[in-house]
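Take a look at the model below.

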Amino acid sequence: MSAIGAPGAAPHSLRTCSRTACSRRAVATLTYVYADSTAVLGPLATFAEPHAYDLCDVHSERLSAPRGWEVLRLALGTPQTGPSSDDLLALADAVREAARPLPAPVAAEAPREGGREVARKGHLRMLTSD
């Protein structure tokens, strides 16, 4: 059994249902949107939130809301344990972009007719007119 904070342990692996006397593993998170009179039941949040309730599968299925409230159930699905294929493709593209050689510097503009470069300091040039 892994301890909380152990390397490689999922942050939510040891959370239990918030219902009194229930010791089942939490699989969903319940939050309330009071302004819209809506209860939102979705996948287990990555971290425990102070105003959210973690529920087990039994309690999440039996969830009901007060009269006049709407229950919005989001797909619980299985959480991804690693990066998605989109994440890996984006990383590969970034590495390819960083490995590309820099374009050749644009040749400095030729001095105007009759002018010649007398001195240079950094990117600045001093020209004289003949």
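Tyr32 is partly exposed in this predicted model. Its relative accessible area is 30%, and the class applies because that value lies between the cut-offs of 20% and 50%. Tyr53 gets the label partly exposed too, at 42% relative accessibility.

Now the rings. A search of the whole structure turns up 4 aromatic pairs. In one of them, the ring centres of Tyr32 and Tyr53 are 6.2 Å apart. Their planes meet at 70°, so the pair is edge-to-face; the cut-off for that class is over 60 degrees. A pair of aromatic rings is described by the distance of the centres and the angle of the planes.

Next, the strands. Strand β1 covers residues 28-33 and pairs with β2 in the antiparallel sense, over 6 bridges. Together β1 and β2 make a hairpin, with 4 residues between them. In that turn, Ser37 has a positive phi of about 50°.

What does β2 pair with in the parallel sense? The partner is strand β4, residues 70-73, over 4 bridges. There, Ala39 stands opposite Val71 of β4. Strand β2, residues 38-43, is mostly covered. Of its 6 residues, 5 are buried.

Terms used. Residues numbered from 1 in each chain as written. Predicted model: local features only at pLDDT ≥ 70, side-chain atom pairs only at ≥ 80, totals over all residues. Heavy atoms only, no water. Buried < 20%, exposed > 50% of the residue type's maximum accessible area, 1.4 Å probe, protein only. Helix = DSSP H or I, 4+ residues; strand = E, 2+ residues; numbered from the N terminus. Pairing = 2+ DSSP bridges. Phe/Tyr/Trp six-rings, centres within 6.5 Å; stacked < 30°, edge-to-face > 60°.
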